Amino acid sequence: MRRLVKAEFRRLFTTALWRWGPLAAVVCGGVLVGLATLVGPENFEPSMPGVRTEEGVRTVLSLTGLTVIVPALFGATAVTSEYRHKTITFTFLFAPRRQTVLAAKLLTYAVAGAAYGLVVTASAAAGLYGGAALRGVSVGAGPGTVAELLLRLAAAMTVYTMLGVGIGALLRNQTAALAALGLYLYMVEHALALIPGVNLIYPYLPGGATAALTNFNLISQAAEEISVSSAQLLPPVLGALVLAAYAVAATALAIGVPMRRDVT
């Protein structure tokens with residue numbers, strides 16, 4: 001396992017992911033949160049509390065929840081790129097126990113996802129305080145509150161990386177996996193959240209659980225804007241447990257599905 005994990009990290013650092021990943025994290029965290037702070041949530045449509053209040057700070061930071069597709073794409077690429085470039089055959093020849101190979105991928109990319117999440121949250125904190133300083137306003141939440149929410153966001157990014165690995169193992173085709181993730185995260189889940197009656201399942205979907213964990217309530221507010229009764233989000237602890245369950249399911253997919261398939 002140690003050799004496989006070491007090999008996976010070597011593979012990761014020979015791809016463009018390790019170069020573009022931190023840049024994407026800074027854009028998704030610092031740039032997004034910084035711009036939102038500069039504009040001011042009170043100027044959003046609909047209007048929201050400004051960053052002088054704790055609720056406004058939580059709203060601005062939770063915007064990074066919109067970018068969970070980035071670590072999910074990284075995770076999916078970890079598997080699909082091997083099928084795309086035909087290197088999976090050599091990987092399984094080198095280590096015939098597929099479950100060990102896939103467990104090593106999961107471990108490697110869970111660590112990479114956690115690192116991505118930490119870069120996102122650190123840059124988001126810089127964007128929040130930097131944007132507030134440029135506007136000349138005070139931040140209405142203490143450092144402890146900000147740090148707690150950012151750590152929740154980092155945890156969500158880690159889980160979505162693992163979900164991406166599971167989706168990649170299930171679909172194998174890189175284009176199909178990336179398209180499926182984008183379609184589901186930005187269309188299917190949002191549509192389900194806005195359909196009366198059907199939206200009762202939204203809190204138990206990955207997006208709903210993430211919203212509960214990270215205080216991301218823009219989807220619920222959008223539902224209210226079109227006079228749709230939104231489903232009540234789970235408490236943060238339950239949201240974390242639901243996300244953990246999805247991480248376990250992704251692990252089962254990533255390890256179990258390739259065990260029953262031919263490589264080609």
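Tutor: Happy to! Let's begin with the classes we will count: Ala, Val, Leu, Ile, Met, Phe, Trp, Tyr, Cys and Pro are taken as nonpolar, Asp, Glu, Lys and Arg as charged, and the others, Gly among them, as polar. By that scheme, the lining of the largest pocket divides into 14 nonpolar residues, three polar and no charged. Please keep in mind that this is a predicted model.

The largest pocket holds about 300 Å³ of space. Its lining has 17 residues, and those closest to the pocket centre are Leu 12, Trp 18, Ala 112, Ala 115 and Tyr 116. Helix 1 (2–13), helix 2, helix 4 (69–84) and helix 6 each give at least two residues to this lining. Helix 6 gives the most, with seven residues.

Two of those helices lead us on to the surface. Helix 2 (17–39) and helix 6 (98–135) each supply at least two residues of a nonpolar patch, and here helix 2 gives the most, with seven residues. The patch is formed by Trp 20, Leu 23, Val 26, Val 27, Val 31, Leu 35, Leu 38, Val 119 and Leu 134, and together they have about 820 Å² of accessible area. Take Val 31, found in helix 2, as an example. Val 31 counts as partly exposed because its relative accessible area is 39%, and that class runs between the 20% limit for buried and the 50% limit for exposed.

Now for the second largest pocket, with about 240 Å³ of space. Among its 14 lining residues, Leu 163, Ile 167, Leu 181, Tyr 184 and Pro 206 are the closest to the centre. Helix 7 (143–171), helix 8 and helix 11 (236–259) are the elements that give two or more residues to this lining. By class, the lining has 13 nonpolar residues, one polar and no charged.

The structure holds two cavities of 30 Å³ or more, and the largest cavity has a volume of about 160 Å³. This cavity is lined by 15 residues, with Gly 65, Val 68, Glu 189, His 190 and Gly 207 nearest its centre. Helix 8 (174–194) and helix 9 (206–214) are the elements that give two or more residues to the cavity lining. Its classes are nine nonpolar, five polar and one charged.

Note on methods: Residues numbered from 1 in each chain as written. Predicted model: local features only at pLDDT ≥ 70, side-chain atom pairs only at ≥ 80, totals over all residues. Heavy atoms only, no water. 1 Å grid on protein atoms, 1.4 Å probe; cavity = no way out; pocket = protein on both sides within 12 Å on 5 of 7 lines; lining within 4 Å. Points joined across faces, edges and corners; volume = space filled by probe spheres on them. Helix = DSSP H or I, 4+ residues; strand = E, 2+ residues; numbered from the N terminus. Patch = residues over 30% accessible without salt bridge, like charges linked within 9 Å, V, L, I, M, F, W, Y side chains within 5 Å. Areas by Shrake-Rupley, 256 points an atom, 1.4 Å probe, with all protein chains shown as cover. Salt bridge = Lys/Arg side-chain N within 4 Å of Asp/Glu carboxyl O. Buried < 20%, exposed > 50% of the residue type's maximum accessible area, 1.4 Å probe, protein only.
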